[in-house]
Amino acid sequence: MRLSLLSLLIFHFCFSYSAINLCSAAVSEAVTCSGIVDQRHRSHKISLTDYGGVGDGKTLNTKAFREAIYRIQHLRRRGGTLLYVPPGVYVTESFNLTSHMTLYLAAGAVIKATQELWNWPLISPLPSYGRGRELPGGRYMSFIHADGVSDVVITGENGTIDGQGDVWWNMWRQRTLQFTRPGLVEFVNSRNIVISNVTFKDSPFWNIHPVYCSNVVVQFVTILAPPNSPNTDGIDPDSSSNVCIEDSYISTGDDLVAVKSGWDEYGIAYARPSFDITIRRVTGSSPFAGIAVGSETSGGVQNVLAEHINLFNMGVGIHIKTNIGRGGIIKNITVSHVYVQNARQGIKIAGDVGGHPDEKFNPDALPVVKGITIKNVWGVKIHQAGLIKGLKNSPFTEIFLSDINLHGETGPRSPSWKCSDVVGVAHQVSPWPCSQLSS
Ligand SMILES: *[C@@H]1O[C@H](CO)[C@@H](O)[C@H](O)[C@H]1NC(C)=O
Ligand SMILES: *[C@@H]1O[C@H](CO)[C@@H](O)[C@H](O)[C@H]1NC(C)=O
Ligand SMILES: *[C@@H]1O[C@H](CO)[C@@H](O)[C@H](O)[C@H]1NC(C)=O
Ligand SMILES: *[C@@H]1O[C@H](CO)[C@@H](O)[C@H](O)[C@H]1NC(C)=O
């Protein structure tokens, strides 16, 4: 099974690149980072139905989920406990996970967020953001939430976690929200987390958000939300380290994967970077970015590797974004083997993106962007090839572009680049980027 999916992905990759010889590295071995978390086998299992779970798509299952998880927490079985969610549609309010558990969704199991929102819990803002991301004050707790846990797995036979986010998107559009919308799954201060073989659908806000976490694997997931759904980022590793994202399909209304680390003065004070992040064999579509760093990067972001990425109908293929007031160092970011088809912009690295949490941000807290390598990118139907816009008092340095071909809407006619306040090197880049980059 595993091998056949991989060979399928590799086939797809090679097929996309059939014109150029870029697929040999992928064929020789299926590299994976998923070994950073031990794969758990749990011999002790309980079923949601033992706790009164009813999968009729109507009954509220909050009590069943909370009691089953309370039981797991207090049983403290050696090797942990698996909570089996059988086929059926289980409507529930939000709930918290506990350590040493597996949430297992059978084929045809759907965990569906209630659209009755009056009881949705509010929690404190993240210290590195100082407030909710959308609105001042607290924020609604994510649908599935965990704080301070370790050894947690969310997996199964491609069951679905459905956020039924349209009520939230409409509140956002009508400006009737009081607080920041809930994510679908959030892990705070946690480690040894695996999320695999699950479909995420219609998140109210960001889909998968590990924040202040280490050793996180996200593998074989499907993340779906309509292209016009607001802020439905796919996976946002935030002030987290040792994160492995592989073999996934993501199609949402915002960035597919965005590496973050806190917001302006709050993120600078909290000083928690994201580092050692691998993103590999991800495919998808979005009106925003495919692979993003930012824009909230105040704790710094380093050692990111994204490779074998296939993007279709995109806003921006690769987007590194920050702003004045952010501070933070973004360095050692490598993006390679990217296929982009139909995008507004192929590559964008910019120092003027995203708002501020409040008026207290320090305009002298300039971000540093250096050591960015982008190579082996093939684009077709790219409206504008690239934009690199550094800051006058903090130019972007060590920007290295190589083996990049970005074709326009009609054959090889050159879509252009724009660059300012940048120092670096370009090698075999077409169309030629700009005079600021030496050859
Ligand atoms: C997860 O999905 C992959 C790819 O489809 C498959 O190889 C693997 O066996 C699945 N894992 C489980 C636990 O079903
Ligand atoms: C769930 O976790 C949040 C955040 O840690 C906490 O505020 C809340 O009380 C927990 N809810 C339950 C039902 O345990
Ligand atoms: C999982 O389910 C989603 C949604 O139905 C589907 O698009 C995807 O192809 C499925 N993945 C696998 C490996 O079967
Ligand atoms: C840069 O990041 C890569 C991962 O992309 C890592 O392997 C390498 O060790 C990092 N280099 C330094 C100097 O930290």
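Tutor: Start with a cut-off: a residue is near a molecule if its C-beta atom, placed from the backbone, lies within 6 Å of it. The model here is a predicted one. By that cut-off, the residues around ligand 2 are Asn 96, Ile 123, Met 141, His 145 and Asp 147. This shell divides into two nonpolar, two polar and one charged residue.

Now turn to ligand 4. Asn 303, Leu 305, Asn 332 and Thr 334 surround it. Strand 22 (301–321) and strand 23 are the elements that give two or more residues to that shell. Its make-up is one nonpolar, three polar and no charged.

Next comes the core. The largest nonpolar core has 109 residues, and Leu 83, Val 85, Val 257, Ile 291 and Ile 349 touch the most other members. Strand 23 (residues 329–350) gives the most to this core, with ten residues. Take Ile 349. Leaving out residues up to four places away in sequence, Ile 349 touches Ile 320, Val 369, Ile 372, Ile 388, Phe 396 and Ile 399. Another core, of five residues, lies apart from the largest one; among its members are Trp 169, Trp 172, Phe 205 and Trp 206.

Last, some strand pairing. Strand 7 (residues 109–113) pairs with strand 12 (residues 159–162) in the parallel sense, over three bridges. Here Lys 112 stands opposite Asp 162. Strand 12 also runs parallel to strand 15 (residues 198–201), joined by four bridges. On that side, Asp 162 stands opposite Lys 201.

Terms used: Residues numbered from 1 in each chain as written. Chains lettered and ligands numbered in written order. Predicted model: local features only at pLDDT ≥ 70, side-chain atom pairs only at ≥ 80, totals over all residues. Core = buried A, V, L, I, M, F, W, Y, C linked by C-beta atoms within 7 Å. Buried ≥ 20, exposed ≤ 12 C-beta atoms within 10 Å, placed from the backbone. Contact = placed C-beta atoms within 7 Å. Nonpolar A, V, L, I, M, F, W, Y, C, P; charged D, E, K, R; others polar. Pairing = 2+ DSSP bridges.
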